[in-house]
Number of protein chains: 2
Amino acid sequence: MKDQVAIIGVGCTKFGDQFDQSYEDLVFDAAQAAFVDAGIQADRIDAAWLGTYSPYGGHGKASVSLADALRLYGKPITRVENFCATGTDAFRNAAMAVACGMYDVALVLGAEKLKNRPTRGLSREGEHPYQTDGLTAPGIFAMAANRYFHDFNVGRESLAKVAVKNHKHGSQNPKAHFQMEVSEEQCLNAPMVAWPFGLFDCCPTTDGAAAAVICRADLAKTFRDDYVLVKGVGLAVTSGRPWYDPSFEYVGFAATRHASQAAYKMAGVHDPVKEIDLAEVHDCFTWTEISNYEDLGFCRKGEGAHFVGEGRSALGGDMPVNTSGGLKSFGHPIGASGVRMIYEVVTQLRGQAGARQVKSPELGLVHNLGGPGSVACVVVLGTA
Amino acid sequence: MKDQVAIIGVGCTKFGDQFDQSYEDLVFDAAQAAFVDAGIQADRIDAAWLGTYSPYGGHGKASVSLADALRLYGKPITRVENFCATGTDAFRNAAMAVACGMYDVALVLGAEKLKNRPTRGLSREGEHPYQTDGLTAPGIFAMAANRYFHDFNVGRESLAKVAVKNHKHGSQNPKAHFQMEVSEEQCLNAPMVAWPFGLFDCCPTTDGAAAAVICRADLAKTFRDDYVLVKGVGLAVTSGRPWYDPSFEYVGFAATRHASQAAYKMAGVHDPVKEIDLAEVHDCFTWTEISNYEDLGFCRKGEGAHFVGEGRSALGGDMPVNTSGGLKSFGHPIGASGVRMIYEVVTQLRGQAGARQVKSPELGLVHNLGGPGSVACVVVLGTA
């Protein structure tokens, strides 16, 4: 990108069962928190990007849903949708718009209300061909996990280690949906959802919103000293029907590999484990986090279970992953998640993560994985 | 924008009742035509933007629907949705991404299948709050037209002049849905849809797709000599519920005024009628085109009926508008329309519009208006 881009403010609502908060309430609260954090009023925003996947009841449809929630009228607002990578891809498009010199200050807002809609609301919205195959998200990722178990001689105990770790991190995060620790026994004995995933292997259904204010890096110092720089962004898309492709390996996702390689190249990262200090990765299911370690280059394919088993991805390890508590603790209000993960990494890079603080981090990674492993977006953020 | 951006290829399907063409067929045909026009293969594309409003049956949901249709795997693809300005806003985001130096060559594709879905399919998809008020698109714009008639002493005869003009233009366009002329009498005696709009005051329901290949302007000459430059882009959003706003004037749309002013500023346009040689504007209803003349600065508020009545916006006039035939002849497959309008202006600027050719145009305008007049996107294109 021609100009460097900086994050000067972030905001995040409490994630959870927000039946008493409207979509507009969540959007307003996240944006207002980011404005206060950046020390600006709404009128300083030149343009905005809204990440919402599934505009149930019209909320999240088009740009007007952001304009009306914030009374942000007469300005450019774009809605981006990209499966579960909606939030990070909205951020990516905003960053490129600032980098091209079109806007000085932009807002990125991810929001989703998943709770007060009918059962199977998400499936009804999209009616994507793969859903007519009878495949749901747990079913798709469970097939991959079973294949992975077979190929690499791994069992459900490794999944439990991810759940225990992320719930422990989340127990220290007042914004998480579930702020509780779980034991390996609880995970292994929980009701089965789709073998090998029990209840604690799946992220919950949640409402939430998060926001980031970005600007041209040369302007950042006029807002704050501890701004965060966008070092790299990468997006990659593979097939929406990967199981029709005989080359699909079922034990990981090429989209994540392509997206992370693009982001690493832009950020000048050669050895992610040595150079990156913390990562928020897409743990929609516990197994997904294990495969993410491998696809993001934190370890080799098949070694992800050891990576978590040895505590390397826990707080205190050499590559803390999902210090926020992850999707396991936060749920996955789809458009919100990526921006919420950016909120966590910015908070860590500023040294403001309290009990969850990683020691003096300088470089952090955010990763979303969308659809049946078809879309991945990676953002690398660093201290100035 | 830091770098200038050029259009090096465009493609467009036949618009119409495409029951025998799948969504993927339309996407493939439009993209392939643009690739052939640019003299490239698909593998030259570094990134893509998909504009689709309403992913019925999952088609158009997320980026994978473009990836699978084109077998464009491992690359970044973003879906943009912005009501009826979806196509132009997808183009705007792609242009900024190229301008920031992230990608050399990008594809913009707008596509929509509106025919083979249940009646009220669009309303069901979005369930936007204004639809629960009982307001449909003809109803909303008809209210505005009635107010305009009252304020400026205009009648249905002026609407008929827009329909006659655009259908005459469309009768010369082999890609139009309706390739037929209509008379003022036919328009005035047609069945009523929502007073003052009769059948010929409304655009039809249509399937279609269109594509554009863009690149950094300094690379354009390696592809072709007669490339077209992106001179200006502007997007503006107002309220999605304008009738709750006591300042809403009902006789025009502030979104268009804001968006065109931004695009004119970027393009260095001071007097649009003198400097711009042709325009494709959003004639979802005949009255909308009249108000667009005014909001785009072609004439003063209240003078739009005279503007069309005097033949100034017809082929041969000093500001030909909708030489393609407009939404009146092409219908409005939502995400496709903006890119289809860019296709027309590029074709005109290259001097390849055949019977519809404007004499030696150097600067052209594309305008989309979305939602209840809430979103507008303007693109100014010029010869190199």
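Just after helix 15 of chain A, A:Gly351 takes a positive phi of about 75 degrees. Keep in mind as you look around that this is a predicted model.

**Helix 15 of chain A**

- This helix covers residues 334–349, and its end C-alpha atoms are 24 Å apart.

- Side chains of opposite charge can pair when their charged atoms come close.
- Over all chains, a search of the whole structure finds 48 salt bridges.
- One of them joins B:Glu289 to B:Lys165, with the closest N and O atoms 2.8 Å apart.
- That pair links distant parts of the chain, since B:Glu289 sits in helix 12 (residues 286–295) of chain B and B:Lys165 in helix 7 (residues 156–170) of chain B, 124 residues apart.
- Both B:Glu289 and B:Lys165 are buried.
- B:Asp226 forms a salt bridge with B:Arg224, and here the closest N and O atoms are 2.6 Å apart.
- The partners in this pair fall on either side of the 20% cut-off for being buried: B:Asp226 has a relative accessible area of 31%, so it is partly exposed, whereas B:Arg224 is buried at 14%.

**A link to helix 15 of chain B**

- B:Arg340 forms a salt bridge with B:Glu280, the closest N and O atoms being 3.2 Å apart.
- Because B:Arg340 lies in helix 15 (residues 334–349) of chain B and B:Glu280 in strand 9 (residues 278–280) of chain B, the pair ties together parts that are 60 residues apart in sequence.
- B:Arg340 counts as buried because its relative accessibility is 1%, and B:Glu280 is buried too, with a relative accessible area of 0%.

**A network in chain A**

- Salt bridges that share partners join A:Glu249, A:Arg257, A:Glu294, A:Asp295 and A:Lys301 into one network.

**A loop residue in chain B**

- You will find B:Leu135 in the loop between helix 5 (129–132) and helix 6 (137–152) of chain B.
- With a relative accessibility of 16%, B:Leu135 counts as buried.
- B:Leu135 and B:Pro372 are 237 residues apart in sequence, yet their C-alpha atoms are 9.5 Å apart in space.

Definitions and conventions
Residues are numbered from 1 along each chain as its sequence is written. Chains are lettered from A and ligands numbered from 1 in the order in which they are written. This is a predicted model: local features need pLDDT of at least 70, side-chain atom pairs count only at pLDDT 80 or more; totals for chains, interfaces and linings use all residues. Side-chain values use heavy atoms; hydrogens and water are left out. Helices (H or I, at least four residues) and strands (E, at least two) are DSSP runs, numbered from the N terminus. The expected span of a helix is 1.5 Å times one less than its number of residues. A salt bridge is a side-chain nitrogen of Lys or Arg within 4 Å of a carboxyl oxygen of Asp or Glu. Buried means under 20% relative accessible area, exposed over 50%, partly exposed in between (1.4 Å probe, protein chains only).
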